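Take a slow look at the two chains before reading on. The paragraphs below walk through each chain, then through the place where they touch.

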Amino acid sequence: MLEIVVKLALVAAAFAVLPLLVGQAEHKVMAHMQGRLGPMYAGRFHGWAQLVADGVKFAQKEDVVPRAADRWIFKLAPGVALVPYLLVLIVIPVGPGGQVALDLGIGVFFALAVMGVGVIGAIMAGWASANKYSLLGGMRVAAQLMSYELPMVFAASSVAMAAGTLSMQGIVGEWRWWWLPWQAVGAVVFFVAGLAELRRPPFDMPVADSEIIFGPYTEYGGLRFALFLLAEYAGIIVLCALTAVLFLGGWKGPFLNTELGWLWTGLKVGVLSFLVIWLRVSYPRMREDQLQKLAWAWLVPLSLAQLALTGVVKVATA
Amino acid sequence: MTGQEIVFALLGAVAVGSGIMVVTTRQLVHAALWLVLSFGALAGMYLVLTAEFVAWVQVLIYVGAIVVLLLFGIMLTRAPIGTAPDLDSGNRWIAAAVAVATAALLVTVVVMGFGDAKMPLEAGGGSAEALGSAVFRTWVLPFEVLSVLLLSALVGAIVLSRTDIGGARSRGKGD
């Protein structure tokens, strides 16, 4: 009992701290990639406290709900967007044995199902704001989710087939180094589809500022807006952790898997998060038709090919 | 009553209650959102019955895909904030009668079939492994027949939506 309470407290702490770390890293990495310094003053040392200061600023702002908005849905939406990512973190293993808050037998499926629910928050926000730009953004969110959910589930099921289990601890346990080339296509498809589901650049058409201001979040301010931002960064953590666990061997490293498992998981999540930021700086936003084309003409066939390859190798080596 | 039965009954009440809200609310988007709650409660009931795989499929497919599709459709056509007066059809009482009759029929069948018989819940009885071996060993023929049905629906949708491969009548005027 005590053990599970401690684990849940740790998950909650990770949920509160890691998104801020990614956010701060994004400020600094993006700045340096663009030849700037980024935040330098808050907290004295290289602006480390910038996001804490941002949080204080958000908390002080007036809580505004537009008069024409649907009050209940408008207020509920940030919670619906944020909570699913917290739930997914519970089933992600950071190390071998009991180093996971809850080892579900169908962990992969749970994670994918719950992640899809978070998108409803953005759609609710888009509709309830009573703003045509928000509504357009909400529609783009829905269209994007419907296209990218499929290749993501296919890619994840390829790994599950390879490991013969849906449990995340089981998948990492079965993982061998040669799965890297074997599941490479699936890994790329999963990561790209995940980015699109999180609406991260270059897949940020739903919040395209030059066309629809800030999409579904246009009417939000203060703490509720901060919650949406937090959901985005928590989503990055969840996506990177899932990719690391499913495709990169999770807590398996070159040595000391049992003792240093958490370190290997953390390193992989960190490198993938850096990649997410790097992609944002490097690529221009994709147009809506390019988004759909990428999903249906590339990712779905590629993930199906990966499934076929997994099946063939699995039968051949059985 | 055991704890499980109480949770099951509560979830059932939530599912039925939100289901009623779906058909009685006067706001179109609210109906879709109540549907989320109804599906969620249903998934919770599957979980209580140890059918965990079915529960999360319910969330992934119905909440994550079907409701998103519904919301997309509503937003694409009309998404009024506030009440829509034209949501009630003239057939509402007939529809209510049909719904009550269907529910009564189903409840009668279940009660006559099982009475107050109890089945022990075994952990892992609804796991992916148990379900997979049942579907792909015992029930593989109905499963394949269903997939052919879905395939034909898919092909039908493509034929309906693509004007360039449809009949001569449906060819676009523009080209």
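**A walk through two chains**

Arg44(A) sits in the loop between α1 and α2 (50-60) of chain A. Its backbone is worth a look. Phi of Arg44(A) is near 70°. That is a positive value, and the residue is not glycine.

Keep in mind that this is a predicted model. How confident is the predictor in chain A, as a mean pLDDT? The mean is 86. In chain A, 100% of the residues reach 70 or more. Helix α9 (residues 209-212) of chain A has the lowest mean pLDDT among that chain's elements, at 82. The highest, 91, belongs to helix α8 (residues 184-198) of chain A. Where pLDDT is low, predicted coordinates should not be read in detail.

Now step back to the whole of chain A. How many helices and how many strands does chain A have? The count is 12 helices and zero strands. Read from the N terminus, the elements of chain A therefore run α-α-α-α-α-α-α-α-α-α-α-α. The radius of gyration of chain A is 20 Å. The globule rule gives 20 Å for 318 residues, so chain A is as compact as a globular protein of that length. Along the principal axes, the C-alpha atoms of chain A fill a box of roughly 65 × 45 × 45 Å.

Next, go to the loop between α8 and α9 of chain A. Pro202(A) has its place there. The peptide bond from Pro201(A) to Pro202(A) is cis, with omega near 5°. Arg200(A) is in the loop between α8 and α9 of chain A too. What does Arg200(A) form a salt bridge with? The partner is Glu26(A), and the closest N and O atoms are 2.4 Å apart. Side chains of opposite charge can pair when their charged atoms come close. This pair links distant parts of the chain. Glu26(A) lies in helix α1 (residues 2-33) of chain A, 174 residues apart from Arg200(A). Over all chains, the structure holds nine salt bridges.

Turn to chain B. It has six helices and zero strands. Along the sequence, chain B follows the pattern α-α-α-α-α-α. What is the radius of gyration of chain B? The value is 21 Å, whereas a compact globule of 175 residues would have one near 16 Å. The C-alpha atoms of chain B fill a box of roughly 65 × 45 × 30 Å, again along the principal axes.

Finally, see where the chains meet. The contact takes 27 residues from chain A and 24 residues from chain B. The size of an interface is often given as the accessible area lost when the parts come together. Here, chain A and chain B bury about 2,300 Å² between them. Of that area, 86% is on carbon and sulfur atoms. How many salt bridges are there between chain B and chain A? The count is zero. One residue pair is in polar contact between chain B and chain A, with both residues at pLDDT 80 or more.

Which elements of chain B give two or more residues to the side that touches chain A? They are α2 (28-48) and α3 (52-77) of chain B. The largest share of that side, 15 residues, comes from α3(B). By type, the residues on the side of chain B that touches chain A divide into 20 nonpolar, three polar and one charged.

Terms used. Residues numbered from 1 in each chain as written. Chains lettered and ligands numbered in written order. Heavy atoms only, no water. Contact = heavy atoms within 4.5 Å. Buried area = accessible area lost by both parts, 1.4 Å probe. Salt bridge = Lys/Arg side-chain N within 4 Å of Asp/Glu carboxyl O. Polar contact = N/O pair within 3.5 Å; in protein donor to acceptor, adjacent residues only side chain to side chain. Helix = DSSP H or I, 4+ residues; strand = E, 2+ residues; numbered from the N terminus. Nonpolar A, V, L, I, M, F, W, Y, C, P; charged D, E, K, R; others polar. pLDDT = per-residue confidence, 0-100. Rg over C-alpha atoms; globule rule 2.2 N^0.38 Å.
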